[in-house]
Amino acid sequence: MPEHAPLVLVPQFFGCLVFDRRTSRYLPFDAETTALLTRLRDVPVDRVLAGVADDGEADRLVRFYEHFYGMGFFTVDGRFAGTVLDGVEVPADHLTGPLAVHLEVVAACNLGCTHCFAGDLPRREKRLSLAEIDRLFGEMAALGSFRLGLTGGEPLLRKDLFQIIDLALEHGLAPCVTTNGLLITEEIARAFGERELVWLNVSLEGATAEVNDRVRGAGTFDKVMDRLAVLREHSRFTLAFTIMRSNLAEIEDCARLAHEVGADTAVFRPLYPVGVAERHRELMPTFAEYSTALNQLASMEANAPVELHHIDPFSPRARRETQSVVQKNHGCGAGNSVCSISVSGEVNPCSFLGPEFVAANVRERSLAEIWHRSRRFQEIRSLPSDDPTGDAVFAGGCRARAQAFNGSINAPDPWISEHAGAGAGLDGRNPLVILDVNAGGCGR
């Protein structure tokens, strides 16, 4: 396995993002700091300081260096501890490449959950070969798109899954695998433990068999508990929960369960009204219910035995000044910071939007060309934030919710309306137009 520098500086229209492979996080920097980091790639900090005449500027540089030296940004001789992604196309109005790519590696599953975003499975499609996946991973690395979510269906149904993971690691990507856990054996647990995954997400939908199995099927909870006992002997993992009306009453118990079974992290995301879940809208929480659940988790966080991540940073509690705007429109992450690729190579701004929004296929066009120039991606970035006719249009939130509840991806997200109606106010900022530099896991 080739060795990769711990940091990669990816040029962007506002300056750069530095991807830290040790934490799988992107950190944003402005143009001035980007120029400094680029210079420090070749010149040690003492030589840079020697050329600074202004004492105030020198002091700022020293404080910057000392702070980020503590984060492992610099070598002992004072140089930037990474590489600069050269030769990339830097657009004026969107990111050089997606921050995360969600790749569906198999369109089949051994469960039939009533909330599955993947829709009815199995689907009969000609899946990408290892050679095609290898080429795709090379294109991702060239774009600075290092975060990779491997999804399904159930990824462990694909017999060459670990070959796919190894290809990702060879290209310097940070893969995350989401599984229902039922197919984990000791051999598979060892194989996960031997690899540098961002996260291995094991999905559950409740802290008890009664609540979980209502969604995932009878007997699922106990079987997953049995498999987790094997997994924790060999590999780090997180428990991933979807917040639904069916499990609101035991959200805090879900976090406690994560600790009890040996998970490093508990991840919570909202249910989206897509796929099979579109036929089970009774499971959808309101924004008030979702926000209450997040507030309960936040109140636990100071004393929580595991780290908690809220993947959808919609709650006001999740919006901090350390979060940075990385796009120039009122869109969600779809086509702005993420994209999804189906098992057969169809590229979509978001896996929640459905096949009618597919932009192109990676078998026919490069990921860079699709990201920068495909009509679907250009359209979703240019949808207006306000309408001169006075009609309400999308102004932040989730396009999939807008489509499901209001009939169009350019309609208002009802959660935004509820949020504003509650008097919280958007404070001039769309709650989802941020890069959460503190978040982990492989959330969207």
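The paragraphs below walk through a predicted model, taking its sheets, helices, salt bridges and some backbone details in turn.

One of the pairs to look for is G15, whose bridge partner in β3 is D30.

The loop between β2 and β3 holds S24. S24 is not a glycine, yet its phi is positive, at about 60°. Is S24 buried or exposed? Its relative accessible area is 4%, and a residue counts as buried under 20%, so S24 is buried.

T34 is a residue of helix α1. What does T34 touch, leaving aside residues up to four places away in sequence? The answer is L9, G15, C16 and F29. T34 has a relative accessibility of 10% and therefore counts as buried.

In strand β12 (residues 338–341), both faces are covered. V338 and S340 are buried on one side, and C339 and I341 are buried on the other. β12 pairs with β5 in the parallel sense, over four bridges; in that pairing, A100 has V338 of β12 as its bridge partner. β12 also pairs with strand β13 (residues 346–348), here in the antiparallel sense and over two bridges. I341 stands opposite V347 of β13. The hairpin of β12 and β13 has four residues between the strands, and in it G345 takes a positive phi near 100°.

Helix α7 (residues 209–216) and helix α8 (residues 220–231) meet at an angle of about 105°, with 8 Å between their axes. Angles of 65 to 115 degrees count as roughly perpendicular, so α7 and α8 are roughly perpendicular to each other. On the α7 side, the contact is made by A209, N212, D213 and R216, and on the α8 side by T220, F221 and D222. By type, these contact residues divide into two nonpolar, two polar and three charged. Another helix, α13 (residues 399–406), has R399, A400, R401, A402 and A404 as its buried residues. After α13 comes G407, with a positive phi near 85°.

Charged side chains bring in another kind of contact. Side chains of opposite charge can pair when their charged atoms come close. How many salt bridges does a search of the whole structure find? It finds 26. One of them joins the side chains of R373 and E89, at 3.1 Å from N to O. This pair links distant parts of the chain: R373 is in helix α11 (residues 367–373), E89 is in the loop between β4 (82–84) and β5 (100–104), and the two are 284 residues apart. R373 is partly exposed, at 45% relative accessible area, and E89 is also partly exposed, at 39%.

D226 and R227 meet at 2.7 Å, N to O, and D226 counts as partly exposed with 43% relative accessibility. E194 and R195 meet at 3.9 Å, N to O, while E194 is exposed, with a relative accessible area of 62%. There is also a network of salt bridges, which links R41, D42 and D86.

Two peptide bonds complete the tour. The bond joining L121 and P122 is cis, with omega about 0°, and P122 sits in the loop between β5 and α4 (130–143). The bond from G152 to G153 is also cis, with omega near 10°. G153 lies in the loop between β6 (147–151) and α5 (161–170).

Definitions and conventions:
Residues are numbered from 1 along each chain as its sequence is written. This is a predicted model: local features need pLDDT of at least 70, side-chain atom pairs count only at pLDDT 80 or more; totals for chains, interfaces and linings use all residues. Side-chain values use heavy atoms; hydrogens and water are left out. Axes are lines fitted to C-alpha atoms, for helices over the stretch in contact, and angles run from 0 to 180 degrees between N-to-C directions. Angles under 35 degrees count as roughly parallel, over 145 as roughly antiparallel, 65 to 115 as roughly perpendicular and the rest as oblique. Contact means heavy atoms within 4.5 Å. Ala, Val, Leu, Ile, Met, Phe, Trp, Tyr, Cys and Pro count as nonpolar, Asp, Glu, Lys and Arg as charged, and the others, Gly among them, as polar. A salt bridge is a side-chain nitrogen of Lys or Arg within 4 Å of a carboxyl oxygen of Asp or Glu. Buried means under 20% relative accessible area, exposed over 50%, partly exposed in between (1.4 Å probe, protein chains only). Two strands pair if DSSP finds at least two bridges between them.
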